Amino acid sequence: MLPETDATAIHKIFEELGPTARLCIEYASDPEQLRDYEGELDDEISNITMGKLEELIKESTRLTMDAVSHKICLISCRDPKNMRSTPLVSPITDSIKSRLSNQLRNLQQAEWIRLFKQLERVPGARATAGIVYEAQAQYLLQQGRCLEISRLQALSQRVSVDIQLSETLEYMDDELESLESNVFYVPEKTNKSALDSFILLGDILYIFQMTIKPIHDINRGLIDSADRHNFPLRAKWRFVFIIPPNLVLKVPKPWKLELRSLSLYSAVAPVEMAQSR
């Protein structure tokens, strides 16, 4: 007989830690085990290095996963109808992806570039390569890059955005009550929010989403985060996808009606740009 559990707790575990029965059923009904698991996960993410990440991906694609990779990686098949198709390795949740990306900010610029190019050559590891790209793109934005952004709906409409930062602030979801202009906000390294970075320039809020995928949704937690952080009116939002060169990005229509009128833009940030700074 299954233990009694709180549906809200199960949903939170599913979204933040992963879609496994042991987590969502057994640990959801045992707070002590859940705390131990979360503590172990925090330690493993905080100790991730370039070498450890490379080894983790390599072993996962060989389906020889250990206790660490089980907490961080999700293995799927390229062809869901063929169990022998190439295994794909990706972060087990958007929250884990965000926390890994933040941890990788500790790497040197040359390490980002080498690791990104290394992972791109590993079959099935493109999703993890995206984590490295996100960490590097965050760095470039924090350096005050002047972005040329274009509307996805009309590529001929270009806007130049000169990012002049007063500071970079790592925030926790329950501590950020208001926004200040010219502050670059990034989630704190242990933050469980899946929301990427953002900055208020004048009265316009630029929300950044880094991706190397050809298809990418608007972040599902955007509306909830906006309510928590007292974002300006939605008409003042500019959602900017930061993408590598030669990527044709498609954005599915958001299922949330509140997001369908959002102004969407894209900006190109090559991997090698970090070396020029």
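Student: Before we start, what should I keep in mind about the model?

Tutor: It is predicted, so local features need pLDDT of at least 70, side-chain atom pairs count only at pLDDT 80 or more, and totals for chains, interfaces and linings use all residues. Residues are numbered from 1 along each chain as its sequence is written, and side-chain values use heavy atoms, with hydrogens and water left out.

Student: Glad to have that settled. How many helices and strands does the protein chain have?

Tutor: Helices (H or I, at least four residues) and strands (E, at least two) are DSSP runs, numbered from the N terminus. The protein chain has nine helices and ten strands.

Student: What share of the residues counts as buried?

Tutor: Buried means under 20% relative accessible area, exposed means over 50%, and partly exposed is in between, with a 1.4 Å probe and protein chains only. Here 46% of the 277 residues of the protein chain count as buried. The accessible surface, from the Shrake-Rupley method with a 1.4 Å probe (for residues, only the protein chains shown count as cover), comes to about 14400 Å². Carbon and sulfur atoms hold 51% of that surface.

Student: And how do I read the contacts?

Tutor: Contact means heavy atoms within 4.5 Å. Among contacts in the protein chain with a separation of 6 or more, 61% join residues 24 or more positions apart.

Student: Which residues touch the most other members of the largest nonpolar core?

Tutor: In soluble globular proteins, nonpolar side chains tend to be buried together. A nonpolar core is a set of buried Ala, Val, Leu, Ile, Met, Phe, Trp, Tyr and Cys residues joined through side-chain atoms within 4.5 Å. The largest one has 56 residues, and Ile-72, Tyr-133, Tyr-206, Phe-208 and Ile-242 touch the most other members. Its largest share, nine residues, comes from helix α8 (residues 126–142). Apart from this core lies another, of 23 residues, including Leu-200, Leu-205, Phe-239 and Leu-262.

Student: What does Ile-242 touch?

Tutor: Not counting residues up to four places away in sequence, its partners include Tyr-133, Ala-137, Leu-141, Phe-208 and Ala-269.

Student: Now the helices. At what angle do α6 and α8 pack?

Tutor: Two packed helices are described by the angle between their axes and the distance between the axes. Axes are lines fitted to C-alpha atoms, for helices over the stretch in contact, and angles run from 0 to 180 degrees between N-to-C directions. Helix α6 (residues 94–103) and α8 pack at about 55°, with axes 8 Å apart. Angles under 35 degrees count as roughly parallel, over 145 as roughly antiparallel, 65 to 115 as roughly perpendicular and the rest as oblique, and α6 and α8 are therefore oblique to each other. The contact is made by Lys-97, Leu-100 and Ser-101 of α6 and Ile-131, Glu-134 and Ala-135 of α8.

Student: What about α3 and α6?

Tutor: Helix α3 (residues 31–46) packs on α6 at an angle of about 40°, with the axes 9 Å apart. That makes α3 oblique to α6. Leu-41, Asp-42, Ile-45 and Ser-46 in α3 meet Ile-96, Arg-99, Leu-100 and Gln-103 in α6.

Student: Let's turn to loops. Is Gly-124 buried or exposed?

Tutor: Gly-124 counts as buried, because its relative accessibility is 11%. Gly-124 sits in the loop between α7 and α8 and touches Arg-78, Pro-87, Leu-88 and Val-89, leaving out residues up to four places away in sequence. Val-122 is also placed in the loop between α7 (109–120) and α8, but at 23% relative accessibility Val-122 counts as partly exposed.

Student: Where is His-216?

Tutor: His-216 is in the loop between β8 (204–210) and α9 (222–229). At 15% relative accessibility, His-216 counts as buried. Beyond its neighbours within four places in sequence, His-216 is in contact with residues including Gln-209, Phe-241 and Pro-252.

Student: Which way does the phi of Asn-246 point, positive or negative?

Tutor: Asn-246 has a positive phi of about 65° although it is not a glycine. Asn-246 is in the loop between β9 and β10 (264–268) and is exposed, with a relative accessible area of 82%. Asn-182 also has a positive phi of about 65° without being a glycine, but at 26% relative accessibility Asn-182 counts as partly exposed.
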